[in-house]
Amino acid sequence: AGLRKLLLSRIRDVPDYPQPGVVFKDITPLLADHAAFSALIDALAALCVRHEADKVVGLEARGFILAAPAAAKAGLGFVPVRKAGKLPGATLRQAYELEYGTAEIEVHADAFQPGDRVLVIDDVLATGGTAEASMALIERAGARVAGLAVLMELGFLSGRDRLAPALAGAPLDAL
Ligand code: 5GP
């Protein structure tokens, strides 16, 4: 409960960003506060251990900021899932629907060992489209999803319901 309060106190609501009517959850005050940021990284690292992950995936771009230190602290390697066209090696690509249009993400084809258990980390779970595509990509790359961990879940968008089939019983933790 103390962690939850601390984290919430460092997230700023920005109205009408990136478009009118949207209230954006800005995590930069949290990142700038050592007590809150280190408590968050500790909690994410503990989830890596609890869910017996072999690798940690971060989703571009804010997911990188959280997943990389959590992976290092848990004694695990980090794998970036990036927007299409950014990774230099052979990749797998996954398209997904946005509110307007589509987006594509990629992972290196050789990022995982067969059967690796992967914990996926991002900052915010909104509709769940990004996380859903990432989990499909991870499975296509021969690994298994050990869980999804986010700083914040926007419950009114029902991402958790959308992700239930893809999670197939794997835990979804929102700190
Ligand atoms: P979804 O695919 O679940 O609709 O959107 C989640 C993605 O969009 C995440 O990668 C997240 O970083 C970003 N996102 C959506 N809304 C917000 C928000 O209010 N604050 C932040 N920090 N990221 C958001």
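How many nonpolar, polar and charged residues does the lining of the second largest pocket have, by class? I looked this up and some other items, and I note them here.

**Entry 1: ground rules.** I am working with a predicted model, in which local features need pLDDT of at least 70, side-chain atom pairs count only at pLDDT 80 or more, and totals for chains, interfaces and linings use all residues. Residues are numbered from 1 along each chain as its sequence is written, and side-chain values use heavy atoms, with hydrogens and water left out.

**Entry 2: second largest pocket.** I found seven nonpolar, no polar and two charged residues in its lining. Here Ala, Val, Leu, Ile, Met, Phe, Trp, Tyr, Cys and Pro count as nonpolar, Asp, Glu, Lys and Arg as charged, and the others, Gly among them, as polar. A pocket is an open set of points on a 1 Å grid over the protein atoms alone, where a 1.4 Å probe fits, with protein on both sides within 12 Å along at least five of seven lines; lining residues have an atom within 4 Å of a point. The lining consists of Arg4, Leu7, Leu8, Ile11, Leu151, Met152, Glu153, Ala174 and Leu175. Helix H1 (2-9) and strand E8 (144-153) are the elements that give two or more residues to this lining. Helices (H or I, at least four residues) and strands (E, at least two) are DSSP runs, numbered from the N terminus. The second largest pocket holds about 170 Å³ of space, a volume being the space filled by probe spheres set on the points, which are joined across faces, edges and corners.

**Entry 3: largest pocket.** I noted about 1,300 Å³ of space in the largest pocket. It is lined by 38 residues, and the closest to its centre are Phe24, Leu98, Ala126, Thr127 and Thr130. The lining divides into 21 nonpolar, seven polar and 10 charged residues. The space taken by the ligand is this largest pocket; a molecule sits in a pocket if more than half of its atoms lie within 2 Å of its grid points.

**Entry 4: ligand.** Which element gives the largest share of the shell around the ligand? I found that it is E7, with three residues. The residues around the ligand include Phe24, Arg62, Val124 and Gly128, each with a heavy atom within 4 Å of the ligand. By class, the shell has three nonpolar, four polar and four charged residues. I then looked up polar contacts, here pairs of N or O atoms within 3.5 Å. A backbone N or O atom of Lys25 is 2.8 Å from a ligand nitrogen atom. A side-chain N or O atom of Asp122 lies 2.7 Å from a ligand oxygen atom. For Thr130, a polar side-chain atom is 2.5 Å from an oxygen atom of the ligand.

**Entry 5: backbone.** Most residues other than glycine have a negative phi, and most peptide bonds are trans. I found a cis peptide bond from Tyr17 to Pro18, with omega near 0°. Pro18 is in the loop between strand E1 (12-15) and E2. The bond from Glu60 to Ala61 is also cis, with omega near -5°, and Ala61 lies in the loop between strand E3 (55-59) and H4. Ser158, which is not glycine, has a positive phi near 60°. I place Ser158 in the loop between E8 and helix H6 (159-167).

Terms used: Polar contact = N/O pair within 3.5 Å; in protein donor to acceptor, adjacent residues only side chain to side chain.
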